[in-house]
Amino acid sequence: MEKYSMEFGKKEHVLNYACQLYQLSRPTKVGAVMALIRECQPSSYEEWKEWYFANAYTATKTPVKLSLESLTELGERLFDKIQTFVIPDRQEAFSQLTLQDCIDYIYNLTINRTYDGYMREKSVVNDGLAKTFPDVLFEESDPELDHAGDIDYVAKVGTYQFGI
C-alpha cells in the first residue's frame with residue numbers, strides 16, 4: 001500500500017507537541033477529519049483531497065469553509081508558536097535540567113503517577129460506572145489483555161462482554 005504521509009524525523013516531536021498544545025489540529029480548526037473521510041469513503045488520495053476541500057468546515061458555532069489557504073494559515077501559526085514560545089521554553093528547560101530531575105521524574109512516573117492513575121481508574125469504575133449500571137459486572141482485565149488491547153476492565157452483562 002502506498003503511503004502519502006511525510007516523514008519529519010526529529011522535528012516530528014516538536015511539531016506534534018506544539019500542534020496539540022495550541023490545538024491547531026482540532027475539529028474547530030480543520031474539521032472532524034475522521035468523520036469526513038468516513039463520509040467520503042475515498043478510493044484514491046486525490047479523491048479524498050478534492051472531497052475534503054469541497055466539503056470540510058470547521059466544527060464551530062459558525063462553521064467556516066476550509067481551504068488550502070486556511071491550512072497554510074494554520075501552518076504559519078504553528079511556526080510562529082514554535083518560534084515564539086516552544087523553542088525558548090525548551091531551551092530554558094534543557095539548560096535547567098539536572099540529574100536529580102531525571103531521577104525524580106522516573107520515580108514519579110513509575111510510582112506516583114501509576115498509583116494516581118490506578119486509584120482514578122478504580123474510582124471511575126467503582127464509584128461511577130458500577131453505581132450507574134448496577135446490572136453490569138466490572139472486573140479488572142488480565143495483564144495480557146491490558147497490554148495487547150489497552151483494556152483495563154471487562155464489563156459483563158449476561159453472556160455479553162466488552163472492554164473498557
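Two residues are said to be in contact when heavy atoms of the one lie within 4.5 Å of heavy atoms of the other. By this criterion, and not counting residues up to four places away in sequence, Trp48 touches Val33, Leu36, Ile37, Cys40 and Pro42. The structure is a predicted model, in which local features need pLDDT of at least 70 and side-chain atom pairs count only at pLDDT 80 or more, whereas totals for chains, interfaces and linings use all residues. Residues are numbered from 1 along each chain as its sequence is written, and side-chain values use heavy atoms, with hydrogens and water left out.

Trp48 also belongs to the largest nonpolar core, which has 15 residues. A nonpolar core is a set of buried Ala, Val, Leu, Ile, Met, Phe, Trp, Tyr and Cys residues joined through side-chain atoms within 4.5 Å. Here buried means under 20% relative accessible area, exposed means over 50%, and partly exposed covers the values in between (1.4 Å probe, protein chains only). Within this core, Leu36, Trp48, Tyr52 and Leu78 touch the most other members. At least two residues of the core are supplied by each of α1, α3 (33-40), α4 and α5, and the largest share, 4 residues, comes from α5. Helices (H or I, at least four residues) and strands (E, at least two) are DSSP runs, numbered from the N terminus. Another core, of 5 residues, lies apart from the largest one and includes Val125, Phe138, Tyr153 and Ala155. In soluble globular proteins, nonpolar side chains tend to be buried together.

The largest pocket holds about 1400 Å³ of space. On a 1 Å grid over the protein atoms alone, a cavity is a set of points where a 1.4 Å probe fits but cannot get out, while a pocket is an open set with protein on both sides within 12 Å along at least five of seven lines; lining residues have an atom within 4 Å of a point. Grid points are joined across faces, edges and corners, and a volume is the space filled by probe spheres set on the points. The lining of the largest pocket consists of 28 residues, and Ser5, Met6, Phe8, Tyr45 and Leu71 lie nearest the centre. Two or more lining residues are given by each of α1 (11-21), α4 (45-55) and α5 (68-96), with α5 giving the most, 6 residues. By residue class, the lining divides into 18 nonpolar, 6 polar and 4 charged residues. In this classification Ala, Val, Leu, Ile, Met, Phe, Trp, Tyr, Cys and Pro count as nonpolar, Asp, Glu, Lys and Arg as charged, and the others, Gly among them, as polar.

Helix α1 contains Leu15, which is partly exposed because its relative accessibility is 28%. Leaving out residues up to four places away in sequence, Leu15 touches Phe8, Leu78 and Ile82. Leu15 and Glu139 are 124 residues apart in sequence, and their C-alpha atoms are 39 Å apart in space.

Glu139 stands opposite Val154 in β2. Strand β1 (residues 137-140) pairs with β2 in the antiparallel sense over 4 bridges, where pairing requires that DSSP finds at least two bridges between two strands. Strands β2 (residues 153-157) and β3 (residues 160-163) also run antiparallel and are joined by 4 bridges. The bridge partner of Val154 in β3 is Gly163. The hairpin formed by β2 and β3 has 2 residues between the strands, and Gly158 in the turn has a positive phi of about 60°.

Leu129, in helix α6 (residues 99-132), is in contact with Val124, Phe138 and Ile164, its neighbours within four places in sequence being left aside. Leu129 counts as partly exposed because its relative accessibility is 24%. Leu129 and Ala155 are 26 residues apart in sequence and 9.9 Å apart in space, C-alpha to C-alpha. Ala148 is located in helix α7 (residues 143-149) and is exposed, since its relative accessible area is 70%. Between Ala148 and Gln96 there are 38 Å in space, C-alpha to C-alpha, and the two are 52 residues apart in sequence.

Most residues other than glycine have a negative phi, and most peptide bonds are trans. Gln23, however, has a positive phi near 50°; Gln23 is found in the loop between α1 and α2 (27-30) and is partly exposed, at 42% relative accessibility. Gln41, likewise not a glycine, has a positive phi of about 50°. This residue, Gln41, lies in the loop between α3 and α4 and counts as exposed because its relative accessibility is 58%.
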